[in-house]
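I opened this entry to record what I looked up, residue by residue. The notes follow the order in which I went through them.

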Amino acid sequence: MYVRRAYANGRLKHTKTRLSTRAVPLQAIAFEALDRFPRSENPILFPNSRGGHVDFRVFGRRHWKPVQTAAGIEPLRGLYDLRHTYATFALRAGISVFAVSRFMGSSIAMIDYHYGHLARDSREHAVSLLDALAIERAVDAGWTPQRRAARPLSTSDSSPPRERSKRVVDVRWTSRPEPVAYLTNRRT
């Protein structure tokens, strides 16, 4: 799902900040629900009763809170509380603070300030990942260029640029390196 615009105070406008324009991944269960959703001529996926944009302040008073009351949920939660729930679940699931900040349209500092204590990418977790990596030898450092003898310095710049050889680079964290790309480096 892409967040490109915002509806506030009766107007459709640009998002509040540069970070607010973002891509948000949806879980498979959300895609399945959207596939079952009836098709409509309205370009708004979830329109209000008159076919226009939903005003979340009105929606919260008229629909969200009464549904919670009917379901026996106490204390009542606001719609904005769903952001906190998402951040909490995502960080506890091991999604990085960086990724959560991108999905939520907030800075890394803001996510760390409010939810950092929930993140699994703490120092201890990072050390355990690095220890496991060292034991498994999961990273092939073969992409590091071999040392070569230095060429003598030339006083002229007239020689054509030399093309470097193609090398296989493993950029994934796997227990067994697999070639995934060929790189050609050229001097400019």
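This is a predicted model: local features need pLDDT of at least 70, side-chain atom pairs count only at pLDDT 80 or more; totals for chains, interfaces and linings use all residues.

I then looked up where the two residues sit. Both phenylalanine 56 and phenylalanine 59 are in helix α2, three residues apart, which is about one turn of the helix. An α-helix has 3.6 residues a turn, so residues three or four places apart point the same way.

**Aromatic pairs**

How many aromatic pairs does the structure hold? I noted two. The angle decides the label because planes over 60 degrees apart count as edge-to-face.

Phenylalanine 46 is in the loop between α1 (28–36) and α2 (56–71). For phenylalanine 37 I wrote down a relative accessible area of 32%, so this residue is partly exposed. I also found Phe37 and Phe46 in a nonpolar surface patch with Leu45; together the three have about 290 Å² of accessible area.

**Salt bridge**

How many salt bridges are there? The count is one. It links aspartate 55 with arginine 57, and the closest N and O atoms are 3.6 Å apart. That distance passes because the limit is 4 Å. Aspartate 55 has 25% relative accessibility and is partly exposed, while arginine 57, at 52%, is exposed.

**Two backbone entries**

Which peptide bond did I note as cis? The one from glutamate 74 to proline 75 is cis, with omega near -10 degrees. Proline 75 belongs to the loop between α2 and α3.

Asparagine 9 has a positive phi, about 55 degrees, although it is not a glycine. I placed asparagine 9 in the loop between β2 (5–8) and β3 (11–14). Its relative accessible area is 60%, so asparagine 9 is exposed.

Is serine 101 buried or exposed? I have serine 101 as buried, because its relative accessible area is 4% and the cut-off is under 20%. Serine 101 is part of helix α4 (residues 97–104). Setting aside residues up to four places away in sequence, I list Ser106, Ser107, Ile108 and Ile111 as touching serine 101.

The rest of the helix came next. Buried residues in α4 are Val97, Ala99, Val100, Ser101 and Met104. Their cover includes β4 (22–23), α3 (81–92) and α5 (108–115). Glycine 105 follows α4 and has a positive phi, near 75 degrees.

**Nonpolar core**

Which residues make up the largest nonpolar core? I wrote down 10 residues: Ala87, Ala90, Leu91, Val97, Val100, Met104, Ile111, Tyr115, Leu118 and Ala119. The elements giving two or more residues to this core are α3, α4 and α5. I followed up leucine 118, which contacts Thr88, Leu91 and Arg92 once its neighbours within four places in sequence are left aside.

**Whole chain**

I left the overall figures for the end. I count six helices and six strands in the protein. Along the sequence the pattern reads β-β-β-β-α-α-α-α-α-α-β-β. The protein has 188 residues, and 16% of them count as buried. I took contacts between residues at least 6 apart in sequence and noted that 34% of these join residues at least 24 apart. The accessible surface comes to about 16,100 Å², with 56% of it belonging to carbon and sulfur atoms.

Notes: Residues are numbered from 1 along each chain as its sequence is written. Side-chain values use heavy atoms; hydrogens and water are left out. Helices (H or I, at least four residues) and strands (E, at least two) are DSSP runs, numbered from the N terminus. Buried means under 20% relative accessible area, exposed over 50%, partly exposed in between (1.4 Å probe, protein chains only). Contact means heavy atoms within 4.5 Å. Patches are made of residues with over 30% relative accessible area and no salt bridge: like charges are joined within 9 Å, nonpolar side chains (Val, Leu, Ile, Met, Phe, Trp, Tyr) within 5 Å. Accessible areas come from the Shrake-Rupley method with a 1.4 Å probe; for residues, only the protein chains shown count as cover. A salt bridge is a side-chain nitrogen of Lys or Arg within 4 Å of a carboxyl oxygen of Asp or Glu. Rings of Phe, Tyr and Trp (its six-membered ring) pair if their centres lie within 6.5 Å; planes under 30 degrees apart count as stacked, over 60 as edge-to-face and the rest as tilted. A nonpolar core is a set of buried Ala, Val, Leu, Ile, Met, Phe, Trp, Tyr and Cys residues joined through side-chain atoms within 4.5 Å.
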